Amino acid sequence: MLLSEQDQFLSYNGEVLVFQLSKPKHAEEAHDKTINLCVRRMAFNRDTKMFVQKSSGVFSMHASHSEIEMICCSCTTDSRTGIILPCILMKKKKRNNVKYFVLLLHSSNQFEPSLYFKLDYELKEDIRLFAGPSVLWRHANKLFYISSNTCVVQSAPIQLSSVVWTGEIVGEGTVVLGIRTACLPETEDADVFSVSDRAIWGSEFFGYAIQTQKMLTATCFMPHTYSRVVSSVYICKTDRLQEQLRISLVALTQKNQLIWFQSGVPKGACDLPYEKPHSVKTAVTSSNDLLFVVSFASGNSCVVQRRDSLQVASKWQKVKCVLVDDFIGSGSEQLLLLFKDDSNTDVLSTFKITDLGEVNYASGINYKHDVPAAEGLQENGLLTVRALETRLQAGWTSVQELQQHLRLQKRVILESCRALIDLVEERTHILPNAKEEGLVSLWDDVENPPHSLSKETSLASKVPEHFTEELWQRVVGDSLVVGVKLTESFYLSLSDVSLSLVMDQDLSSISPIIKCQSKIIKLNKAFSSLPVSSSQIEPPPKKMKLDLHRKNDLRKEFPKRSSRIQLDGAKTVTVVAFTSLSPLLAFHRVCCVVLLHARKQNHQNDSLQHSKKITVLCGKILLSLEDISNGRYSVKMLRDNSYCTGSMEDILAVLAVSVRFSFQIVSSDCTLTPVSSWLLGEMECTPFKECQDNIFCHKAGNVHGTIFNWTLKNPFEGLLTIFCRNLTVLFQCLHSLTRVLPPSCSVKLLRSGSKAVLTEQLALALEKEMLTLKNSLFLKETKAEDSLTWGNESGKKTNNAPLASLLGTEEGVQQFRKKLQNEREESVRSMNQTMNGALYQKTALKIAEAQLSSDMVVWRLS
C-alpha cells in the first residue's frame, strides 16, 4: 500500500493503525462517486524485526476523492461502554456547507458512524477529540463542542485566543485549558499577584469544565506570566489535597523551551534543539524513566529526560510522526519513530523503536548477519568476561558463607532440642564447648548448670504427678495419632494446650522435632459429645496487625467456664496430636517423647490472671514397622448387633484426623424423620457403645469410616455434624442426603461451635473487653484527677475571695485575671494528658486482643 500526505497513524494496544483514503479497484472511472476509508492493523514481529499486517477493514462512502478528508484521529472513550476505541474525524465538503462525522473503529475492524454535524464554515483551529466521542474546536475566538450524547453544537460563554490542552481531570470531567484576554476583577478579594500579571501581559490562563460549565482557578496550572509564550501543554498528574487541585504539567513555549510546572510553580526548564515546537507527549520506559517527546513543525523530534534536571536525551530529523505504546510487548512503553523516505513508500518502511535504553530496533538492519563490528570488540569482550568471573567468584563466596551459616544454625537447633528433652526428663544437660562448635561464648564456661535451667527444672517438678490417666497411639490411614488423657482438675488450670513429638534417637543429620497438629477433644460418655477442634477456620483478618508479641490461640480463651458446660460431668479431657506417618517409617523403629505445652493460670486480685509457660513430659511411645504391619495400632470399628464396637481411643483417633462440618437442616412443611432413616438405612450407620450420639458409617466405598452426629432440636429443625476424611466424602454424603430430603428443606453450613456455648463465650468476651477498657480509662482518669488536684491547690488563695471585692480595685482585677489564667491552664492540662509510650502500647495491645476475641465469637455465631 502506498502512502500519501493525508494518511493518519494511530497506536492502539501495541498495534499501529494506518488510515488511508482510496478508490475501490473496480471503480477507476472518474464519474464513480465511491471512496473507501481503509485501515490496516500492523504489529511488530520480534523475530523478523519488521511490522506485519494482522488484519484490515474498509468503510465505503458515497463521495469523490476531493470531497472527503481526514481531519484527525485519536483514542477516546465510548461513553456507552466505557471502552477506549480508535476514533477518526472526517470532513465532507458540500456547496453550501461542510459536513463532519466521527467514526469509531471496533476490534472486528468494523467502522461505526457515531456523530454527524453540519457547519457553514470549515474547522481549522484547535480541533480536539475527547471522551464521548466528542469534538471541540475554536472559531472566531469562541469555543464550540458537540457530543455524541446530545448531537447539538454548543458554545462556551467565554472568549479565547487559543486552546493549549484538553483532557480529563478527576472530579471535574473534561477540562479545557486555554488563553484569553485578561478580565481584571473589580473586587478587592482577588489575588494581587494574579491581577498584576494579567494587567501587565494583557492575557491570562483559564480552565473550563465542560460537563459542569464552571471556571477553574488558572493559577493552579501555571502563572499568567507565561500566557503570551505557551503554545502547548501536557498535564502529567492531577490530585486533590484538602479540596485544593494540585497539577503537574509541562509546557512548550514560543521561545523554544520546555518548562516543568508543579502546582503552578516552575520547577525546571530545558532549551529545545529546534524551532516551533507544537506538541508534547509522555512515555514511561522499563527503567521507570519519564520521557517527554516533543514534535516540531519542521518535521523534527526530540526527547527530553527528567532526572535531576530537564535535559535533551536524543533528537531526530525528518520524522513523519512519533507514536508511544508497548510495541514489543515488554510491559513498558517505547517510542516508534516513522521517518520520511521518498525512495520507499511502503507502509512502515523506515522506522525506529527505542526507549533510550535496552530496546533499540531499526528498519534496514539484518540482526542475524549484518551487525556492524565495533572497534576493539575483542578487547571489550575480554574485559566483560573478567568482570563476570569476578562477580561469579563473589557469588560463590556468598553461597559458601550461607551454607556454613545454615550448618551452624542446624547444630544450634539440634542442641536446643537435646536440652529440651533433658530439661523435661530432669536430667542435667551439658553444653558443648563453644570452640568446638565454632562459636564465641557469651558467658564464662562453668561446670554447674545455669540458674535459669535449674529454675525451669524446679517448675516442671511442681506439676502434679497424676495429671495424666493414659497415653495411647493409633494409626489411621497415613496419620499417626497420639493422645493424652488429662485429669479435669489439671486441665482447668491450663490454656493454649498442645502436644509435640520429639524423636529420642541421637540423629545428627535431621531435626528431632516432628511437625504435628494438636486438637483438644472433649467427649462425654453419657450420650453427649462435642468435639472441639483447636484448628478452626479463622474469620476475615481484622485488627490482626496489633498482635505484635504473641500469637495466642483465641479459640481457647475461656477454658475454665466453657469446659464445665461441655464436659457435663466427665472427668477427663483428651489432647491429641497427629502427624504424617510415612516419614517416620523410613527409620523402621522410632521412639518418640511426648511433651505437653501449656500456659498455667494463676489467679490474683480476684480478676487478674497471670500465666507462665510450662512443658510437661507425658511419656514415650514406640513405633515400628512390624507393629503397624501386624495391625497393633489400627482402628477397629466392627459391628456387634446394632452397635459399633470401637473403643474410646479409636473414636478419638478417627475424630482427630477428620474434618468437622456442621449443617442446620430446617423443614417448614414436614418433619425430619427421613434423616434418621437415611443414616440407619442407606448409609448403614450404627451408634458407638461408648457414646451413642455418634454413629459410624459402615457403607462400602469412600464414605466408609465417616462419623455422623444427628441432634433433633424439634421435629422440624435439627443439627447434622459430619466428620469426614476430605471434601470429596462430604460432597458424596450431602448428595445422598439431598435426595431423601423434601424439596422445601434448607441446609445451611454453620460455623463451628454450639450456639449456647458460643453465646456464653461472647458474654465472657464482652465482659473482658469492658474490663480492659475500664482499667485503661481508670488509669487515665486517676492521672487527670491528680493533675486537677495539684492545679486547684496552686490557686487555693483566690478561690474563696468574693468576686465583687476583686473587681473593685485595680489590684483585685489583676488578681482575678491571674486566677482566670490559672483555671485555663488547669483545663488545658486536664484535657491533654500524656502517657508513656510503652504503657500506651501495652494498653492498646490488651484492648485489641479483647476486641479480637469478641469479634471472633460474633463471627462464629453469625
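Arg 41 sits in strand 3, which spans residues 34–45. The model that shows this is predicted. Arg 41 counts as buried because its relative accessibility is 6%, and the cut-off for buried is under 20%.

Asn 109 lies in the loop between strand 7 and strand 8. Its relative accessible area is 7%, so Asn 109 is buried. Phi of Asn 109 is positive, about 65 degrees, although the residue is not a glycine. Most residues other than glycine have a negative phi, and most peptide bonds are trans.

**The chain as a whole**

The chain has 862 residues, and 43% of them are buried. It holds 15 helices and 45 strands. Among contacts with a separation of 6 or more, 55% join residues 24 or more positions apart. The accessible surface comes to about 48600 Å². Carbon and sulfur atoms account for 52% of that surface.

The largest nonpolar core has 39 residues. Which of them touch the most other members? They are Phe 19, Leu 37, Met 61, Met 90, Phe 117, Val 135 and Trp 137. Strand 7, residues 98–105, gives the most to this core: seven residues. A second core is separate and has 33 residues. Its members include Leu 486, Ala 577, Cys 592 and Ile 628.

**Aromatic pairs**

The whole structure contains 15 aromatic pairs. A pair of aromatic rings is described by the distance of the centres and the angle of the planes. Two stacked pairs share Phe 117.

| Pair | Centre to centre | Angle between planes | Arrangement |
|---|---|---|---|
| Tyr 100 and Phe 117 | 5.5 Å | 15 degrees | stacked |
| Phe 117 and Trp 137 | 5.5 Å | 5 degrees | stacked |

Tyr 100 lies in strand 7 and Phe 117 in strand 8 (residues 111–119), so their pair ties together parts 17 residues apart in sequence. Phe 117 and Trp 137 link distant parts of the chain, 20 residues apart. Trp 137 belongs to strand 10, residues 134–139.

Phe 117 has 5% relative accessibility. Trp 137 is at 0%, and therefore also counts as buried.

Another set of ring pairs links Phe 44, Phe 51, Phe 351 and Tyr 361 into a cluster. Trp 260 has a charged neighbour instead: Arg 306 lies over its face, 4.2 Å from the ring centre.

Thr 354 is in strand 27, residues 351–354. At 5% relative accessibility, Thr 354 counts as buried. Gln 334 is 20 residues away from Thr 354 along the chain, yet their C-alpha atoms are separated by 5.6 Å. Beyond its neighbours within four places, Thr 354 is in contact with Trp 316, Gln 334, Leu 335, Leu 337, Val 359 and Asn 360.

A polar atom of the Thr 354 side chain lies 3.0 Å from the backbone nitrogen of Leu 356. Where is Leu 356? It is in the loop between strand 27 and strand 28 (360–362). Leu 356 is partly exposed, because its relative accessible area is 32%. Its phi is near 60 degrees, a positive value in a residue other than glycine.

**A cis bond and a covered helix**

The peptide bond from Gly 132 to Pro 133 is cis, with omega near -5 degrees. Pro 133 is in the loop between strand 9 (125–130) and strand 10.

Helix 8 covers residues 648–657. How many of its ten residues are buried? Nine are, so the helix is mostly covered. The buried residues are Met 648, Glu 649, Asp 650, Ile 651, Leu 652, Ala 653, Val 654, Leu 655 and Ala 656.

How values were computed:
Residues numbered from 1 in each chain as written. Predicted model: local features only at pLDDT ≥ 70, side-chain atom pairs only at ≥ 80, totals over all residues. Heavy atoms only, no water. Helix = DSSP H or I, 4+ residues; strand = E, 2+ residues; numbered from the N terminus. Buried < 20%, exposed > 50% of the residue type's maximum accessible area, 1.4 Å probe, protein only. Contact = heavy atoms within 4.5 Å. Areas by Shrake-Rupley, 256 points an atom, 1.4 Å probe, with all protein chains shown as cover. Core = buried A, V, L, I, M, F, W, Y, C linked by side-chain atoms within 4.5 Å. Phe/Tyr/Trp six-rings, centres within 6.5 Å; stacked < 30°, edge-to-face > 60°. Lys NZ or Arg CZ within 6 Å of the ring centre and 35° of its normal. Polar contact = N/O pair within 3.5 Å; in protein donor to acceptor, adjacent residues only side chain to side chain.
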